Amino acid sequence: MTVTICIGSSCHLKGSRDVVARLQSLISENGLDSQVQLSGSFCNGRCDQGVVVTIEGDDQIYSVLPETTEMFFQNEILPRLAG
Amino acid sequence: MLSLNQNDNITSIKDAVLCEVARLAYEGTLDEKKENLPFEMIPGPKANFRCCIYKEREIIRQRIRMAEGKAPGAENDANIVQVISSACEECTLGHYQVTDNCRRCVSKKCQSVCRFDAITMEKDRAHINMDKCKECGKCYQACPYHAIVDLTRPCKRACPVDAISWDEASGIVKIDEKKCIQCGACTEACPFGAIGTRSFMVDVINLIRSGKKVVALPAPAGEGQFGKGITMGSLAKGIKELGFADVVEVALGGDLTAAFEADEWAEAYKAGEKKVTSCCPAFVNMVKKHFPTLMPNVSTTVSPMCAVSRMVKAKDPEAITVFIGPCVAKKDEILDLSLDGNADYVLTYNELQCMFEARNIVLTPEAENIQHGSIYGKKFAGSGGVTAAVLEAMKEKHGVADVNVMVCNGAAECKKALMLLKAGRLPADFVEGMACEGGCVSGPGCAKCEFDARKDRQALLAQADDREIWQNLNEHVDLDSFSMHRK
């Protein structure tokens, strides 16, 4: 599963790098390195919804902030892997 | 001069768009003024390059989108290399054609070499039956009058991995994202400039304007890119005028990569394993996408870009690192966020040059120079340079460097070596892979082509001191503060 995080300047200022770092450590802590890949994307103009995160095979945009990263991981990533 | 005229060519048009976008981004008026830009650049009423000013303006609009980092059209795929649909001039689709030069000679060489029975002799000239033609090119080589021409689309001919096809109905080129290694060869090959790459330029300018600490990491191909006497010191002065807080030479990363790759190779050699280099991202993409079973052979030592970025971030975790080089595949390397601490953004030397122009910054030879990398790190940018640096690092540490390396200069040679490795028939123990012929110095993101830059580059490199790789690292780098391997 690939999780894509926008690395454009607007999302950067909203903390995309922290979101990536937190996701990286959550993935490692849960031993999911081989199952979840993190990929960056260019800005696609949805800056109002930043930090823009999308999940492979899903059109929805998730607005994730550093402080909501863990919740996003628990609610969106883990259930998909279990299913 | 904002408006384009008939003396402009594809290079000056591309540069003008980047320059105008950079200028507006620095002013903070890009969103407000970008819609008007195509009208200012193509004032009309007469068209200079295409059928009409409306097409010319649409091409400019799509180029602006790419300069902003967006896909030029509505489709938003993740590829770095993108087709500007409005600029794709629908080259002829037949590959080989018989021209008027055919004398309808009696030797009928074209016919006799054709193994597919595709050539017939018509009243005036030979004829190729396209249903039978397999595009082998034998007739093209055989004709004593050069009467058969190869009309393969330049982009397709340039692509080393057969990623280019076209829409049957419109003839407009498509790039297969699953095959594309982001080398950018097609962007240089298209005579209409219809293939380009997305840019992080506006993002970098926005972050500079927001007051963040943005650190520039210029690649070792830099010497020679900006003309005679423009040393890394002169370049760094200009880069700081653009608003970057600091400048660290990636040649130092070349030293780091060479030193750690030397250790990795020594261990692999003992274990009887073969390794390929990891510093050229287009080459690594070639392995990943076209020879996936060979991924364990890719050296785990990180690229010079990643090494220097990690070094900078180990000192200041808040620093935003921007690699500046001749490479477009580097833009793709940083999108792999599983790789910790890599550069945050990538610019090309061409984009940097346009930023200088937008800010009216003229580089001049400065008395004060900077040198962070050894001459071996600086020469990483040329074919054979990585091998030379790794061997030097081995020699410095062990006294000998007795390894067999195959230097692959360009994507075609890379592909050949990977096929041999896959078949278990590679004679060498190690492969240096560089997707651009000549190495990074010939990359599609150069400000100046290798031929034009060569003389100045040689003169500038001759000024470098003779420090050794390990000496340089021990004196200037805290090697315990960051890792030199993937994870």
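This is a short tour of a two-chain model, with something to select at each stop.

Before you start, note that the model is predicted: local features need pLDDT of at least 70, side-chain atom pairs count only at pLDDT 80 or more, and totals for chains, interfaces and linings use all residues. Residues are numbered from 1 along each chain as its sequence is written, while chains are lettered from A and ligands numbered from 1 in the order in which they are written.

**Stop 1: the domains of chain B**

Colour chain B by its domain assignment, which gives domain 1 (1-68), domain 2 (96-150) and domain 3 (210-476); such bounds come from an automatic or database domain assignment. The centres of domain 1 and domain 3 of chain B, taken over C-alpha atoms, are 33 Å apart. Six residues of domain 1 of chain B are in contact with six residues of domain 3 of chain B (contact: C-beta atoms, placed from the backbone, within 7 Å).

**Stop 2: the largest nonpolar core**

Now select V21(B), A22(B), M201(B), V204(B), L217(B), V322(B) and A435(B), which touch the most other members of the 138-residue largest nonpolar core. A nonpolar core is a set of buried Ala, Val, Leu, Ile, Met, Phe, Trp, Tyr and Cys residues joined through C-beta atoms within 7 Å. Buried means that 20 or more other C-beta atoms lie within 10 Å of a residue's own; exposed means 12 or fewer, partly exposed lies in between, and C-beta atoms are placed from the backbone. Helix α1 (residues 10-27) of chain B gives this core its largest share, nine residues. Helices (H or I, at least four residues) and strands (E, at least two) are DSSP runs, numbered from the N terminus.

Zoom in on A435(B): leaving aside residues up to four places away in sequence, its neighbours are I181(B), C183(B), C280(B), A282(B), F283(B), M286(B), G410(B), A411(B) and C414(B).

**Stop 3: strand β15 of chain B**

Select residues 430-434 of chain B. Are they buried or exposed? Five of the five residues of β15(B) are buried, so this strand is largely enclosed by the rest of the structure. F430(B), E432(B) and M434(B) lie on one side, with V431(B) and G433(B) on the other.

**Stop 4: helix α20 of chain B**

Move to residues 469-476 of chain B, where I469(B), N472(B) and L473(B) are buried. They cover an arc of only 95° around the axis, which puts them on the same side of α20(B); the arc is that of the directions from the helix axis to the C-beta atoms. The face turned away from this buried side carries the exposed N474(B) and E475(B). Show α11 (251-271), α16 (375-378) and α17 (385-398) of chain B too, as they are among what covers the buried residues of α20(B).

**Stop 5**

Finally, show chain A, where an open sheet of four strands with mixed pairing has the order β2-β1-β3-β4. Its edge strands are β2 (37-41) and β4 (62-63) of chain A. Strand β3 (residues 52-55) of chain A pairs antiparallel with β4(A) over two bridges, and Y62(A) is the bridge partner of V53(A).

Where the chains meet, 16 residues of chain A are in contact with 15 residues of chain B. Which element gives the largest share of the chain A side? That is β2(A), with five residues.

Technical notes
Contact = placed C-beta atoms within 7 Å. Pairing = 2+ DSSP bridges.
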